[in-house]
Structures are given as structure tokens and as C-alpha cells.
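The report below is meant for a reader meeting this structure for the first time.

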Amino acid sequence: MHTSRTHRLAAVAAAAALAAGAAWAATTAQAAPEGPAAPAVATSATPAPAVAAGGLTPDQRRRADQLVSVFENSTTEIQYGYAENINDGRGVTAGRAGFTTNDGDALKVVRAYTAVSPDNPLARFIPELERLAASGSGDTSGLPEADYIAAWKQAAQDPVFRQVQDDQVDQRYFTPAMNQADQLGLTTALARAELYDASIQHGNGSEYDALPALISRTDAKVGLPSAAGERAWLDAFFDVRIDDLNNPANSSTADEWRKSVDRVECLRRIAATGNYDLEGPFRITAFGSDYTIS
């Protein structure tokens, strides 16, 4: 098993602490008068669950990723090679988080990949991706679309490209959403998973449809989670997000977003079962299909 530098330093520190404790105990035993033994202190044999970045355990983060994958690609298995034009005005949507060509989303992924693997099949599309990002255009004829999709699928066979996608998701969607959750004082895995999913679909910018604006409208509706209670706040956030999906400020996404309302209702159904900790495995229904979240 690979041991990180942090784990090695922790092990050294722990060993030093044990040695120091043993030396102190020996000195105390020599100096202390004889008397009744001190009562034993009970300790728990069950370690606390590890917490990953973002306030989720590794199991909770995996389940959150599986939920997002179901909503994005209709499978719990992350789809790094997915790529198609879904005609939502955003050009080609591709990869595990639906990186789009019209807004610089896919461009950032391809640039990051090219920085570590210059001779990759997507590098030649950077100039056109830059043009599309600058203009906000959903036109894909200049890529051309079929070539770009084929290149994305080819690149997805490369573990380096899959890691780049993972890193981009963490940097641009997961971490900003968890920062928002921290500021709000959200503690349940389900609430954090909902902000993560909203971050991926709505983005984290200053637009009316973006996650920060959804949070602001929820706060205006029911107050902060500390006042409303986390479960009541989350239920209000579901309402605000559904309203935005049905009535987005970005009209080019309207038709596609209205079809996606069940991704929010699915999370609301999980809340209705009381599984706010995302304990698994559990079953969900999304867009008429059943899945097991493990």
C-alpha cells in the first residue's frame, strides 16, 4: 500500500509520543509511593469513520459521485468517455461532469490534459475551443463535432485523462460546493451532495441560475440553515432549484433543464426516507429507472 508523506510523518510523530509516554511512566513508577492501582480507563475499539475532503467520508463521496453519474449519464459508473451534442445550446457535452464546448468548460479540461500530455488526441482542438469559449457559441461545425467526439472517446482510454477529469471536478465543482456548505454550516451528507450536484449542473458563477444565487434565494425564503433547521432549509433549496430548472434565466437551456427536474426530486425522495447520512447501499429511482447506490 502506498504511504503518503503525511501518513509517514504522522507515524513518526505517534512513535515519538509513545516513546515519551513510556519514559514518563517509568520515571513516575520509580518516584510514586505504593498505593491502590488507578481505575482502568475505558476506550472504544471502534475507530471514527474517516472524513474525506468536503466533510464527507470516502463512502459518502463515492455515493454522491454515483448519484451525479446517474443524473448525468444514467449509470452509477462514471463515464469519462461520454460525448454528444444534446442540443441545449452548449455545444458538445462530454466527460464525467458534462464539460461543454461553448463556455470554456471543456477548454479547461483539454488545456489541463495537454499540460501533462502534450501529444494527446484533443490538443488540436484547443484553438477552436478557445474561439467558442470567447464567443459563447454552441456551434460545433468548426471543430468539427464528429472528430471532437471521437477524439474525446479515444482520450478517455488514457488514465491520465481520467485523472485530469477527476481533478477538474474537484477543483471547479466539488470544492466550491463544499466551501458553500461550510459557510452555511451544513452537516448532513445529503445536503452536501445536493449542493455538489447543483454545482455541476448550474455552475458556481455569478449568474442567476448558478449555485450561489440559488443559495441566496433559499436564504431569502426561509433564512439560514442555523435558523430554519438544515432539513427545512434543504427542502426549500429543492424548491428553489426546481423553480430555476423550470424557469432558467438562460433560455437556451430551458428545454433540457425542464426535463432534468427529477434529479432534484430523486434527492428529495432520499430525504423522505430519512437517509441524510447517505448510508448504503440504497435504491433510487431517477427518470423512471432504478439504480443501486453502493
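## Helix H4 and its cover

The cover over the buried residues of H4 includes H3 and helix H5 (145–155), where contact stands for heavy atoms within 4.5 Å, and helices are DSSP runs (H or I, at least four residues) numbered from the N terminus. This is a predicted model, in which local features need pLDDT of at least 70 and side-chain atom pairs count only at pLDDT 80 or more, while totals for chains, interfaces and linings use all residues. Residues are numbered from 1 along each chain as its sequence is written, and side-chain values use heavy atoms, with hydrogens and water left out.

In helix H4 (residues 126–135) the buried residues are Ile126, Glu128, Leu129 and Leu132. They cover an arc of only 160 degrees around the axis, and therefore lie on the same side of H4; the arc is taken from the directions from the helix axis to the C-beta atoms. The face turned away from that buried side carries the exposed residues Pro127 and Ala134 (buried means under 20% relative accessible area, exposed over 50%, partly exposed in between, with a 1.4 Å probe and protein chains only). Just after H4, glycine 136 takes a positive phi of about 70 degrees.

## Salt bridges

The count comes to 20 salt bridges, each being a side-chain nitrogen of Lys or Arg within 4 Å of a carboxyl oxygen of Asp or Glu. One of them joins aspartate 197 and arginine 263 at 2.5 Å, N to O. Because aspartate 197 lies in helix H7 and arginine 263 in helix H12 (residues 262–273), this pair ties together parts that are 66 residues apart in sequence. Both aspartate 197 and arginine 263 are buried.

Another salt bridge links arginine 258 with aspartate 255 (3.6 Å, N to O), and both residues lie in helix H11, three residues apart, about one turn of the helix. Here arginine 258 is partly exposed, with a relative accessible area of 42%, whereas aspartate 255, at 56% relative accessibility, counts as exposed.

## The largest pocket

About 930 Å³ of space lies in the largest pocket. Of the 36 residues that line this pocket, the closest to its centre are Arg90, Ile200, Gln201, His202 and Trp257. On a 1 Å grid over the protein atoms alone, a pocket is an open set of points where a 1.4 Å probe fits, with protein on both sides within 12 Å along at least five of seven lines, and lining residues have an atom within 4 Å of a point; the volume is the space filled by probe spheres set on the points, which are joined across faces, edges and corners.

The largest share of the lining, three residues, comes from H7.

Notes:
Helix = DSSP H or I, 4+ residues; strand = E, 2+ residues; numbered from the N terminus.
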